[in-house]
Amino acid sequence: MSNVRLMKGNEAIAEAAIRAGCNAYFGYPITPQSEIIEYLAEVGRERGMIVMQVESEVAAINMVYGASGAGARAMTSSSSPGISLMQEGISYMASAELPALVVNINRGGPGLGTIQPAQGDYFQATKGGGHGDYHLIVLAPASCQEMADFVFDAFDLADTYRNPVMILADGALGQMMEKVVFKEHTKTNHSFDKSWATTGKPTTRERNIITSLFIQPEKMEAVNLHLQKKYQTICNNEIRYQLVDTDDAEIVLVAYGLSARICHRAAELARENGLNVGLLRPITLYPFPYPILHELRRKVKGIMVVELNAGQMLEDVQLGVEGMIPVEFYGRMGGIIPSPDEIYEKIMEFKKMKLNKKSPAAFQPMQQSN
Amino acid sequence: MNEILDKTYLEQNDLECVWEKPDTLTDTRMHYCPGCGHGVVHKVLMEVVQELNIQSEIIGVAPVGCSVFAYNYLNIDMQEAAHGRAAAVATGIKRVLPNNYVFSYQGDGDLAAIGTAETIHAANRGENILVIFINNAIYGMTGGQMAPTTILGMKTSTTPFGREGETQGFPFRITELIAQLPGVYYVTRQAVHTPNAVRQLKKSFLKAFQIQKEKKGYCLIEVVSNCPSGWKMTPVVSNQWMEENMFPVYPLGDKKIDGKLVND
């Protein structure tokens, strides 16, 4: 099996899942991520993975629940409306502390929306999404290479913390083709203790119960406190981000996924025109890299957040900056992807309008011009 | 009481032990209402698990509803499922552990209302699992509301004038529906209101696990049961009422054996 391939982002995820030793995939087709199930139905099955197209996203996530509870490395994938249907199951898995990979190849919304790329599911992915107090670990790749790499990381993080992990990418990353080099993975399902799994009760141990039901308030609170402690550990240990040219930057762009790649070029354009612009790309959207924003706010004059939505990660950036420097926002929706020139123009407007004023920018995002 | 059940006591008094609680049941006192069928079904199911010696190979999926705490009583590995999703969870378990025994235990709201899609598709895929379906024609835990299986004319808290088909739909005979599907191997409807019925149910469980061992396909065992609290009757009257009113709508007996429909 060649380690260098030219493939779609969706296919890279599927191939990486096989190589990461994923035992079982359950899913339901939805654009723009159906190549994942198509690839697995052919290649994954041949290589020993259980691959099932099932009746709904609701069933799929609950099969992931069952398979994960039985000790398997399990995954599903979907796109925005399908992920909404899975939220019940994801909440249950977070509570029952079941590891799994959930891939969301984000499309435009709300509602049935559009099949074009978007980042409108940021809130849903990072703030819980379903009912109750919980978080997923959320990884945001920005290339086909990372679509593959993050699958390995996602399974390992899921098994380490016994928590569902989401890969959140947009439709463009799922559909575009790039060179992908597959790394050798070292950890498998067997690298992790799964003595908690329901595999049939031998006489040597107590029965294993996978549940999210805790009727007594004290017990329920204890479970919640345990989960919160786990999330704090994740926040302490697993924050990942990329910095580009921030050392001498006057303005730093903050963007993830596809928009980070566009911002990278926009920052270069700015530098070509004499304005020092850098880029912060959060790789983990949960845990969010607040600490690096705490550093940046002392070093730069302003921050501009670019997303393919109405301003969702913007709120986390504002929290990180705590009003100390102006934060501007530029977003496009509906599947429209801004060009580097467009973002460059907004950076120049931002510099002209806001940066010369003493007072911090208001929290309202700038009116978007079409 | 414990003294009477003590083995030494039995031996000293030259008494024969005719029934013991199987090790596959925990010592936890059940929360079910007096006269409810759940406890009997639990007991019979775990007797079969003990007799077949499959405690180390079986995984159950616990429901939402009155039997939501089933895993407190069944001394086996279990997973609690979201409302209606037990067949999907059981599918996930069975697919990764094909050589283990897997069953789900579901009530009528769980299986025939919110989980209809999962129920029918698991059956239609011929998943090699056993689905145990407790049909007491009412939502017991939530306080006695109408279930899909509530019979016509039956009063519940949401059909206070009696269920009428024209506006509230008709009793859902899910067992007959499931029996039609090609991947389904064994379907039967049983009850636990008499000692004989309990023995019949036990035979059904034995048969279903044998089928699962041989990987022949999907099995559904419906148990028509009572809900004295929800029906607002004494246990004895509820059993009489069940015989007179439920059995005509939900006739007992096998619906499909060895993959073939039974003509009734």
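**Notebook: chains A and B**

I started with helix α10 (residues 195–213) of chain B, which lies across β1 (58–62), β3 (101–107), β4 (130–135), β7, β8 (218–224) and β9 of chain B. The helix runs at about 165° to β7(B). For reference, contact means heavy atoms within 4.5 Å. Axes are lines fitted to C-alpha atoms, for helices over the stretch in contact, and angles go from 0 to 180 degrees between N-to-C directions. Helices (H or I, at least four residues) and strands (E, at least two) are DSSP runs, numbered from the N terminus.

Ground rules before going on. This is a predicted model, where local features need pLDDT of at least 70 and side-chain atom pairs count only at pLDDT 80 or more, while totals for chains, interfaces and linings use all residues. Residues are numbered from 1 along each chain as its sequence is written, chains are lettered from A and ligands numbered from 1 in the order in which they are written, and side-chain values use heavy atoms, with hydrogens and water left out.

**The sheet across both chains**

Next I looked up the sheet around β7(B). I found an open sheet of nine strands with mixed pairing, in the order β10(A)-β2(B)-β1(B)-β3(B)-β4(B)-β8(B)-β7(B)-β9(B)-β10(B). Its edge strands are β10 of chain A and β10 (260–261) of chain B, each pairing on one side only. Two strands pair if DSSP finds at least two bridges between them.

I checked two of the pairings. β7 (residues 184–191) and β9 (residues 253–257) of chain B run antiparallel, joined by three bridges, and B:Arg189 has B:Gly253 as its bridge partner in β9(B). β10(A) and β2 (residues 77–80) of chain B run parallel, joined by two bridges; here A:Ile209 is partnered with B:Met78.

**The interface**

Which residues of chain A lose the most area to chain B? First I noted the total: about 2500 Å² is buried between the chains, and carbon and sulfur atoms give 60% of that. A:Glu55, A:Lys201 and A:Arg207 lose the most in chain A, together 23% of what that side buries. Buried area is the accessible area (1.4 Å probe) that two parts lose on being put together, summed over both.

I counted 32 residues of chain A in contact with 35 of chain B. I also found three salt bridges across the interface, where the rule wants a side-chain nitrogen of Lys or Arg within 4 Å of a carboxyl oxygen of Asp or Glu. A:Glu88 forms a salt bridge with B:Arg85, their closest N and O atoms being 3.0 Å apart. On the chain A side, the elements giving two or more residues are β2 (24–27), β3 (50–53), α3 (57–69), α4 (80–96) and β10 (209–210). The largest share, eight residues, comes from α3(A).

**A second sheet, in chain A**

Chain A has an open sheet of five strands, ordered β11-β13-β12-β15-β16, with mixed pairing. β11 (241–244) and β16 (327–331) are the edge strands. Neighbouring strands are turned by 20° against each other on average, direction ignored. β15 (residues 302–307) pairs with β16(A) in the parallel sense over five bridges, and A:Val305 stands opposite A:Phe329. Helix α9 (residues 257–272) packs on this sheet, touching β11, β12 (251–254), β13 (277–282) and β15 of chain A, at about 170° to β13(A).

**Last check**

I searched the whole structure and got 36 salt bridges over all chains. One of the pairs I looked up is A:Glu15 with A:Arg19 (2.6 Å, N to O). Both lie in helix α1 (residues 9–19) of chain A, four residues apart, about one turn of the helix.
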